[in-house]
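Hi,

Here is the structure I promised to pass on.

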Amino acid sequence: MRQNSELLQSTTIELENAEIAIVIRPDLGARIDRLLDKRTGHDWIWHPPQYDSTQTRAIELGESFDQHWTGGWDEIFPNDAAGEFQGRQLVDHGEFWSQSWDILELAESSIRLGLSCQTVPVQVEKTIRLENDQVELGYEFKNLSDQPVSFLFKQHAAIAIEADDEIILPDCDIEPVVLEFSRIIGQPGKTRFPTAIDKNGEVVYLNQTPARSSQLQEFYYSSGLSIGRCGVRNPRSRSKLLMNFNLNDFPYVWMFQSYGGWNDYYVLVMEPCTTMPYDLEIAQQNGTIATLEPYQIQYRQLKVKLERD
């Protein structure tokens, strides 16, 4: 058990086994900053070119997520879009990403971190554990109040992609998050993955990443998943990153894609999520929101598996 004070105050924690090496940044929302497949040499985590991994940051609660985003594998809680909900003023992309987390326990192949939220009366613990070719993510949410707390919790994994990578989703429905943002999907409403309808009424396919030169961008929800899985296959390294989860924990997957079209970034953000849509008032009306009952403790889990052809 690595429990000395220097490690517990570190801004960079490295966990490694024979299959995987990861870097965790407690100071940057406890996000995963690197996920290296040691057998193929492929690093799955994306950062923008200007990112300096030697630097930390101090961000006030409520600042703009997009202005400070430097990739990595964040989590979003208890909301996405800022605004008032259930009498509380919620901040842009929630609290997790901007706050420094406490290291509660550190071992050779695992770490446990904690955060007490400010906009909702919720205490959170996050455990990251390496197990062979898997990264296991576990979360404990504790409602400290006598009132229910409805929320959105999602992964926000910035995945490094290359042209012609394969986007992996099970049989499911997809629909644009905001049609005005879409440059591939051109019609409102649901279609079955991997197909959609473009603005000319033609069928398009969404399971392969176009080149950066396309300058495309897309953002869609997926719902009605047949199994709890999403991922990416990289043909060059002949490997896959797969997220596996219980649909009771994450019934939806949001997929944000910038193929050079948004901020000139070339990235796929995979987002298994508890809630849909991002507007919590609408999600509550639709019954598609997660809720912590008074004093309830909830556990959620996701496993990241690396596979090679």
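Below are my notes on one lysine, the salt bridges and the aromatic rings.

First, some housekeeping. This is a predicted model, so local features need pLDDT of at least 70 and side-chain atom pairs count only at pLDDT 80 or more, while totals for chains, interfaces and linings use all residues. Residues are numbered from 1 along each chain as its sequence is written, and side-chain values use heavy atoms, with hydrogens and water left out.

Let's start with Lys38. You'll find Lys38 in the loop between strand S3 (31–37) and strand S4 (42–43); helices (H or I, at least four residues) and strands (E, at least two) are DSSP runs, numbered from the N terminus. Lys38 is partly exposed, at a relative accessible area of 35%. For that scale, buried means under 20% relative accessible area, exposed means over 50%, and partly exposed is in between (1.4 Å probe, protein chains only).

What does Lys38 touch, leaving aside its neighbours within four places in sequence? Its contacts (heavy atoms within 4.5 Å) are Glu16, Asn17, Ala18, Glu19, Ile20 and Ala21. Take Ala21: Lys38 is 17 residues from it in sequence, with 6.8 Å between the two C-alpha atoms. As for Asn17, its backbone oxygen is reached by the side chain of Lys38 at 2.8 Å.

Glu16 is the partner of Lys38 in a salt bridge, at 2.7 Å from N to O. The two sit in distant parts of the chain, 22 residues apart, with Glu16 in strand S1 (residues 13–16) and Lys38 in the loop between S3 and S4. Glu16 counts as partly exposed too, at 47% relative accessibility.

On to the salt bridges in general. The definition is a side-chain nitrogen of Lys or Arg within 4 Å of a carboxyl oxygen of Asp or Glu, and by this rule the count is 20. Here are some others to look up:

- Asp33 and Arg25 form one, with their closest N and O atoms 3.9 Å apart. Are these two residues buried or exposed? Both Asp33 and Arg25 are buried.
- Glu271 and Lys154 form another through their side chains, at 2.4 Å from N to O. Glu271 is in strand S23 (residues 266–273) and Lys154 in strand S13 (residues 154–160), so this pair ties together parts 117 residues apart in sequence. Both of these residues are buried.

Now the aromatic rings. Rings of Phe, Tyr and Trp (its six-membered ring) pair if their centres lie within 6.5 Å; planes under 30 degrees apart count as stacked, over 60 as edge-to-face and the rest as tilted. How many aromatic pairs does a search of the whole structure find? The search gives 25.

One of them is Phe77 with Phe153: the ring centres are 6.4 Å apart and the planes are at 75 degrees, so the pair is edge-to-face. Phe77 lies in the loop between strand S5 (73–76) and strand S6 (83–85), and Phe153 in the loop between strand S12 (149–151) and S13, so parts 76 residues apart in sequence are tied together. Both Phe77 and Phe153 are buried.

Phe153 also pairs edge-to-face with Phe141, at 4.9 Å centre to centre and 65 degrees between the planes. Phe141 is in strand S11 (residues 134–143), 12 residues from Phe153, and Phe141 is buried at 0% relative accessibility.

Finally, have a look at the aromatic cluster whose members include Trp46, Phe65, Trp97, Tyr221 and Tyr265.

Cheers

Technical notes. Polar contact = N/O pair within 3.5 Å; in protein donor to acceptor, adjacent residues only side chain to side chain.
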